[in-house]
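I opened this model to look up its pockets, its salt bridges and its surface. My notes follow in the order I took them.

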Amino acid sequence: MPALVEAAGKAGPDITFIAINLQEAAEPVTQFAKDYGATFPVLLDSDGDVAATWRVGGKGQPLPATFFLDSNGIVRKVVAGPVTAADMAQGVSLITGGAN
């Protein structure tokens, strides 16, 4: 989460960050986001439908997972496991054509 929060703070207005929490109650998720200083939406996937669609969090599937989608909705990079600052920089560059 720290690399995601840091990248969101540096990103321009053309990049949208969204976190999706898998099957946890709202209160601890909200507190976690607050503790890390998240300024982007943290959505709840309480029934696991989003996770199933994106194939994360199930048996043999990564969690956390970070997806970088360009302005056309095309996935340009996926990070399985914790995301690093280098992962974030590369992902943002891929979706912006290096413009950010």
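**Notebook: salt bridges, pockets, surface**

I began in helix α1, where Glu6 and Lys10 sit four residues apart, about one turn of the helix. I kept in mind that this is a predicted model. The side chains of Glu6 and Lys10 meet in a salt bridge, 2.9 Å from N to O. Glu6 is partly exposed, at 42% relative accessible area. Lys10 counts as exposed, at 62%.

How many salt bridges does a search of the whole structure find? I ran it and got two. Arg76 pairs with Asp70 in a salt bridge, with the closest N and O atoms 2.8 Å apart. Arg76 is partly exposed at 43% relative accessibility. Asp70 has a relative accessible area of 13%, so I logged Asp70 as buried, the cut-off being under 20%.

Next I turned to the pockets. The largest pocket has a volume of about 1,300 Å³. I found 40 residues lining the largest pocket. Ile18, Ala19, Ile20, Ala65 and Thr66 lie nearest its centre. The elements that give two or more residues to this lining are β1 (19-22), α2 (26-36), β2 (42-45), α3, β3 (65-69) and α4 (85-96). Which element gives the largest share of the lining? I noted β3, with five residues. By class, I recorded 28 nonpolar, eight polar and four charged residues in the lining of the largest pocket.

The second largest pocket has a volume of about 210 Å³. I listed 11 lining residues for the second largest pocket. Ala7, Lys10, Met88, Ala89 and Val92 lie nearest its centre. The most comes from α4, with five residues. I recorded seven nonpolar, two polar and two charged residues in the lining of the second largest pocket.

Last, I checked the surface for nonpolar patches. I found one made of Ile18, Ile20, Leu43, Val50, Trp54, Leu69, Val75 and Val78. Together these residues have about 640 Å² of accessible area. The elements giving two or more residues to the patch are α3 (49-54) and β4 (75-80). I looked up one member, Val78, which lies in strand β4. Is Val78 buried, partly exposed or exposed? I logged Val78 as partly exposed, with a relative accessible area of 44%. Ile18 and Ile20 belong to this patch, and I had already noted Ile18 and Ile20 among the residues nearest the centre of the largest pocket.

Terms used: Residues numbered from 1 in each chain as written. Predicted model: local features only at pLDDT ≥ 70, side-chain atom pairs only at ≥ 80, totals over all residues. Heavy atoms only, no water. Patch = residues over 30% accessible without salt bridge, like charges linked within 9 Å, V, L, I, M, F, W, Y side chains within 5 Å. Areas by Shrake-Rupley, 256 points an atom, 1.4 Å probe, with all protein chains shown as cover. Salt bridge = Lys/Arg side-chain N within 4 Å of Asp/Glu carboxyl O. Buried < 20%, exposed > 50% of the residue type's maximum accessible area, 1.4 Å probe, protein only. 1 Å grid on protein atoms, 1.4 Å probe; cavity = no way out; pocket = protein on both sides within 12 Å on 5 of 7 lines; lining within 4 Å. Points joined across faces, edges and corners; volume = space filled by probe spheres on them. Nonpolar A, V, L, I, M, F, W, Y, C, P; charged D, E, K, R; others polar.
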